Amino acid sequence: MSEGEDDPRLSAEGELALARLALDQGDLRHAAGHLAGAIAYAPTMPEVHETLARIAAVSGGGIDLFPIEQHVFVGAVVARAHLLAAAGRPGEGLELLAAATGHAPQADWAGVPWVTAPELAERLDPERGARILMQVCAAVPDPVPKAARAPLRPYLTLARHAVTAHAEHGLLLGAASALARRVGEVELAIRWAARGVRAQPSKLGEVWLGYAYRSAGRTREALAALGRAVEHDPDDLAVYADIAGTLADNGRLDEALTWVDRALARDPTFDCAVHTAHRLRHQRDGRVGHLVALADFVRDHPDDSHEHGDLAECCRGRPWLGQLTPAGGPAVEALRQLTATDRVSGGPPLRLPAPPPPSALRILATSRPGLRVAAAEVTGPDPRTPRRAGVRPLWRYTGDGVVPLVPTPSAEAVERIQQLAHPAWPHPPAAYDAAVGLATLDGADLIALLAHPPAAPATALGMVLGQDPSLWVRCVQVWACLGLLHHRTDEPWAGSTRRRMLLDLVWGVEDWTTEAALFALVTAAWVDPTVRPDVAQVMAARLADAIAVSRERPVPILGSLAHLALATPDLEEASTLLAARVVGEPPAGNPLRRLWRRLASRFRRR
C-alpha cells in the first residue's frame, strides 16, 4: 500500500481494482484484504462501499471475512462495522467505528449515511449510545482544534437524533453534551447537559454541566454545578481537583488550595489532587520545591489514574526547568552583529572588554575564519584560569584563541547528538530520560562533543538555530553533559566518574560548559533524592564564587547560574535568596526574545 500514498483516492482505487480482480476469481480472502486497504484510504468513497456490498452478497454477509484479531488492521475494523450495521447490528458497528476514531481521529470513519440516519437513533439502545459517544470523547482532545472537527460531525448528528428519540435519558444527554463541547458547540452542550440533570439528577450529569458552563466562560454556574456534583458523591476527589483548577484559572488561588486540601485530607495519595496541589502552590510562590516534590510523586507512583501535564505546564518556558537559556556577554552580542552583517574576515580586530568564554571564542574562530579578537586586560580573577586547582582542562589558550585539549568525537557521537540535541524539554526528569539515547557513548566521546560541537543538522531545527550560532553549540553541550549522567551508572555517585567529569567542568574556566555541567548535576538531583545534598552544596559554592568574582569584573554566565540555582532541589535558603537577587527578566528590547519563544514552542518535546 505504499504507491500513491500522497493521493488517498488514487491509492484506494488501486486497492479496489485488486479487490475486484480477486472477487472475480472467487478469492474472497484476498478481496477482503484489498477492500480493507481501500476503505482505510478513502472511508467514505462510494465505490468502496459498492464493492464491500458485492463481497457481502457473495459471502453470506461477509462479516467473517473481517475478523477482529489481536493485531487487526483499522480498515478491516471499519469494513466489519459497516457489515454489522447492514446485518441489523448497528450498535456493534458503531462501537467499532468509535474504536477506529480512537485509533485515527483524523479519518472520517463515520461519515456514511447509516450513521447519520434518524432511524438509527430510534433503534439504538440509549445506554449503548451514551457509551459510544463517551468512547468517541475519550479519543479526542477537549476542545478539538477547529481543523480536526469535521470527522466528528457525523457523531454529533447521531447525538442530535439520539437525544430527540430519548429526550429524558440523562446519561445520553450528558454524553452528547460532552461531544458537543469538544467540537465547539458550547451552547448546545449547556442545553443538553441541563436537560440531562433535570431528567436524571446525578454527579456525572452535574460534572458535564459544569464543564459546559466552564467552556462558555460562565464560571459561577460552573462552580455551582461542580459543587452539586460533590454533594452527590463526596468521595469523588477528581471533582475537588476540577473545582480547584477552575478557581485557580480565575485567580482564586486560596480558595483553590482549600479544595485541594479537602481532597488530600481524604486521600493524601490521590494523584489528581497531588498534581493540582503542587502546581497551584508553585503558582502561588514560585518555589521549585513544589515541582521537585511533584516529580518525586510521579516517580514513586507510576500507575496514576491518567496522564497528567501539571509538571510540564509549570516548567514550560522557564530557564533550565523547561529550556536552556540563551548565551550572554559581549562576545555573543558581537557574534550576532557579525552574523547580521555577514562580515567574514580581515579589517581591524574585534575588540572585547574581557576575554570571552572559550566556547564563544571557538564559535568566532570557526564561523568567521581569519577574524582577529583583541580582549582588554583582565581586572580581577582571570576567567581563563580554572576556579579550582586540580581540574582536568578542556582548553588551552594560545594568544587570542583557544585549542581543545581533547580529540574530536566519533562519527557515532556526532550522529547521536545531532539527532537528540534540542533547546527545550518538558521538565528535568524528561530531559534525563531522553538523554539515555547517549548512554552507549564513551565518556571521552561526550567530553569531546563539548569542545568540538558538530555543525547543526540540515533540519528545520538546524535552520532556525542558524539565526544564532551560539544556541546550537549550547544545545550540544547541554545534552552531552546529560549524557554523562548515564555514564558508568554502576559506580556509586560520590566517587563516580560521571560526577568527577561534571565537577571538572563546573570548576574549570568560566564557560558555557560550566552551565551545561551544572544543569546535568541539577537534573541528577531531580531524579535521585540521595544526591541532592551534594548537588545543592556544589551549586551554592559555585554561585557564591561567581557572585564574589562579579564584584571585581563582569561574569557573563552569572544570570544563568542564578537560574540554575533556583532550579536546584533542596538548595539552602541563603543561596536561594542570593540567586533571586541576581535574576531579572531580560529587557523588553532583547532581540532574542521573539526568536527564543519560537524555538521553545517549536521544538519542545512532551
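The following points review selected features of this structure, which is a predicted model.

1. Nonpolar cores. The largest nonpolar core comprises 97 residues, and V478, W479, L521 and W526 have the most contacts inside it. Apart from this core lies another of 77 residues, which includes M45, A76, A81 and L172.

2. Surroundings of V478. When neighbours within four places in sequence are set aside, V478 is in contact with W320, L324, W425, A516 and F519.

3. The W425–W479 pair. The structure contains four aromatic pairs. In the pair formed by W425 and W479, the ring centres are 6.1 Å apart and the planes meet at 75°, so the arrangement is edge-to-face. W425 is located in the loop between α21 (411-420) and α22 (428-434), whereas W479 belongs to helix α25 (residues 469-484); the pair therefore ties together parts that are 54 residues apart in sequence. Both W425 and W479 are buried.

4. W320 has a relative accessible area of 1%, so it is classed as buried.

5. Backbone at D570. Phi of D570 is near 60°, which is likewise positive in a residue other than glycine. D570 is in the loop between α29 (558-566) and α30 (573-582). Is D570 buried or exposed? Its relative accessibility is 58%, so D570 counts as exposed.

6. Arginine over tryptophan. R262 lies over the face of W259, at 4.1 Å from the ring centre. R388 lies over the face of W507, and here the distance to the ring centre is 3.8 Å.

7. Helix α5. This helix (residues 90-103) has 14 residues, and its first and last C-alpha atoms are 20 Å apart, close to the 20 Å expected at 1.5 Å a residue. Its buried residues are P90, G91, G93, L94, L96, L97, A98, A100 and T101. Which helices do the buried residues of α5 pack against? They pack against α4 (74-86), α6 (113-116), α7 (118-123), α8 (126-138) and α9 (153-165).

8. A cis peptide bond. D142 and P143 are joined by a cis peptide bond, with omega about 0°. P143 lies in the loop between α8 and α9, and both of these helices also pack against the buried residues of α5.

9. P358 is in helix α20 (residues 358-367) and is buried, with a relative accessible area of 0%. Leaving aside neighbours within four places in sequence, P358 is in contact with W395, Y397, V402, V509, E510 and D511. P358 and W512 are separated by 154 residues in sequence, yet their C-alpha atoms lie 8.2 Å apart in space.

Methods: Residues are numbered from 1 along each chain as its sequence is written. This is a predicted model: local features need pLDDT of at least 70, side-chain atom pairs count only at pLDDT 80 or more; totals for chains, interfaces and linings use all residues. Side-chain values use heavy atoms; hydrogens and water are left out. A nonpolar core is a set of buried Ala, Val, Leu, Ile, Met, Phe, Trp, Tyr and Cys residues joined through side-chain atoms within 4.5 Å. Buried means under 20% relative accessible area, exposed over 50%, partly exposed in between (1.4 Å probe, protein chains only). Contact means heavy atoms within 4.5 Å. Rings of Phe, Tyr and Trp (its six-membered ring) pair if their centres lie within 6.5 Å; planes under 30 degrees apart count as stacked, over 60 as edge-to-face and the rest as tilted. Helices (H or I, at least four residues) and strands (E, at least two) are DSSP runs, numbered from the N terminus. A charge sits over a ring if NZ of Lys or CZ of Arg is within 6 Å of the ring centre and within 35 degrees of the ring normal. The expected span of a helix is 1.5 Å times one less than its number of residues.
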